[in-house]
Amino acid sequence: MAADVTGFPGSAGVVEGVARVLARVEDGNSLVQGEILVTTVTNIGWTPLFTRAAAVVTDVGAPLSHAAIVARELGIPAVVGCGNATTRITTGDRIRVDGVRGTVRKVS
């Protein structure tokens, strides 16, 4: 099955879980421990949310972006620079994030 979303491998690892799409860091309280954070881009203000996330997926970024670096430091998978993750993934979708291949797939 082809990936629903592709980007750059940001941090190695594979995780399957429930997506939480956030447009603003101010909505971060809705991120539940173990969910997968999906957002446009992150900066230092997003860092506290990473400790609750099982993985991170961003529309904007590269292997040296904030999301990738913090994910590597915390040992959680990340796929960055996807371009369209926030429009292709919906909160509640069960997804599989492969931080080695740079792919995100919806699973049933």
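Predicted model: local features only at pLDDT ≥ 70, side-chain atom pairs only at ≥ 80, totals over all residues.
Student: Is Thr91 buried, partly exposed or exposed?

Tutor: The relative accessible area of Thr91 is 35%. Buried means under 20% and exposed means over 50%. The value for Thr91 is 35%, so this residue is partly exposed.

Student: Which backbone nitrogen does the side chain of Thr91 reach?

Tutor: Let's look at the surroundings first. Leaving aside neighbours within four places in sequence, Thr91 is in contact with Ala19, Arg20 and Val21. Thr91 also lies 7.5 Å from Val18, C-alpha to C-alpha, although 73 residues separate the two in sequence. The side chain of Thr91 comes to 2.9 Å from a backbone nitrogen, that of Val21.

Student: How many helices and strands does the chain have?

Tutor: Follow the elements from the N terminus and you read β-β-β-β-α-β-α-β-α-β-β. The secondary structure therefore comes to three helices and eight strands.

Student: What radius of gyration does the chain have, and how does this compare with the globule rule?

Tutor: The C-alpha trace spans about 35 × 25 × 20 Å along its principal axes. For 108 residues the globule rule gives 13 Å, and the chain comes close to that, so it is as compact as a globular protein of that length. The radius of gyration of the chain is 12 Å.

Student: What share of the 108 residues is buried?

Tutor: A residue counts as buried when its relative accessible area is under 20%. With that cut-off, the buried share of the 108 residues in the chain is 43%.

Student: In what order do the strands of the sheet lie, and which are the edge strands?

Tutor: The eight strands form an open sheet with mixed pairing, in the order 1-8-7-3-4-5-6-2. An edge strand pairs on one side only, and that describes strand 1 (5-6) and strand 2 (8-11).

Student: Which helix packs on the sheet and touches strand 2?

Tutor: The helix in question covers residues 66-74, and its direction makes about 40 degrees with that of strand 2. Besides strand 2, this helix touches strand 5 (55-58) and strand 6 (78-80). The name you want is helix 2.

Student: Which residue takes a positive phi in the hairpin of strand 7 and strand 8?

Tutor: Strand 7 and strand 8 pair in the antiparallel sense over four bridges, and one of the bridge pairs is Arg96 with Arg105. Four residues lie between the two strands of this hairpin. The residue with a positive phi, near 75 degrees, is Gly102.

Student: Which backbone nitrogens lie within reach of the side chain of Asp98?

Tutor: Asp98 is in strand 7 (residues 94-98), and it touches Gly13, Val14, Val79 and Thr103, not counting residues up to four places away in sequence. Its side chain comes to 2.9 Å from one backbone nitrogen and to 3.0 Å from another. They belong to Val100 and Arg101.

Student: Which residue forms a salt bridge with Lys106?

Tutor: Lys106 lies in strand 8 and its partner in the loop between helix 3 and strand 7, so the pair ties together parts that are 13 residues apart in sequence. Lys106 itself is partly exposed, at 32% relative accessibility. The closest N and O atoms of the salt bridge are 3.6 Å apart, and the partner is Asp93.

Methods:
Residues numbered from 1 in each chain as written. Heavy atoms only, no water. Pairing = 2+ DSSP bridges. Contact = heavy atoms within 4.5 Å. Axes fitted to C-alpha atoms, helices over the stretch in contact; angles between N-to-C directions. Polar contact = N/O pair within 3.5 Å; in protein donor to acceptor, adjacent residues only side chain to side chain. Salt bridge = Lys/Arg side-chain N within 4 Å of Asp/Glu carboxyl O. Buried < 20%, exposed > 50% of the residue type's maximum accessible area, 1.4 Å probe, protein only. Rg over C-alpha atoms; globule rule 2.2 N^0.38 Å.
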